[in-house]
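Subject: Structure for your review

Dear colleague,

Please find below the structure I am handing over to you. A summary of what was found in it comes after the display.

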Amino acid sequence: HGRGRADAASFRPAAPAAGEQICAPMPGNILDIKVNVGDTVNADDVVIILEAMKMENEIFAPASGKVIAINTTKGASVNSGDCLLVIG
């Protein structure tokens with residue numbers, strides 16, 4: 001899958017070379033973080049619960065891999081586009 005790597009890097013310049021960033025799709029509060037650094041996740045696993053506009057939104061892993069960074073905490077307020085965690 002050599003083709004997708006260059007495309008991902010071009011529109012996500014802040015992403016680490018070996019990581020897939022999961023960003024907040026909307027402003028809200030982190031209700032729960034379902035994973036820990038070092039956990040292995042599969043594509044479409046729920047990794048974070050984000051409360052926005054009185055609704056709980058499940059944030060899914062975009063790809064399989066290992067959680068290499070969590071950039072938020074339970075109870076934190078986040079803005080749209082904030083990087084919440086990185087899967088490597």
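Predicted model: local features only at pLDDT ≥ 70, side-chain atom pairs only at ≥ 80, totals over all residues.

The protein chain has 88 residues, and 31% of them count as buried. Its accessible surface amounts to about 5400 Å², with carbon and sulfur atoms supplying 52% of that area. Among the contacts in the chain with a separation of 6 or more, 54% join residues 24 or more positions apart.

As to secondary structure, the protein chain contains 1 helix and 8 strands.

An open sheet is formed by 4 strands, arranged as S5-S4-S2-S7 with antiparallel pairing. Its edge strands are S5 (55-60) and S7 (77-78), each of which pairs on one side only. Strand S2, comprising residues 28-33, is joined to S7 by 2 bridges in the antiparallel sense. Across this pairing, Asn29 stands opposite Ser77 in S7.

One loop residue may also be of interest. Thr72 lies between strand S6 (65-70) and S7. Is Thr72 buried or exposed? Its relative accessibility is 11%, and the cut-off for burial is under 20%; therefore Thr72 counts as buried. Leaving aside residues up to four places away in sequence, Thr72 touches Ile30, Ile33, Ile48, Val78 and Leu84.

With kind regards

How values were computed
Residues numbered from 1 in each chain as written. Heavy atoms only, no water. Buried < 20%, exposed > 50% of the residue type's maximum accessible area, 1.4 Å probe, protein only. Contact = heavy atoms within 4.5 Å. Areas by Shrake-Rupley, 256 points an atom, 1.4 Å probe, with all protein chains shown as cover. Pairing = 2+ DSSP bridges.
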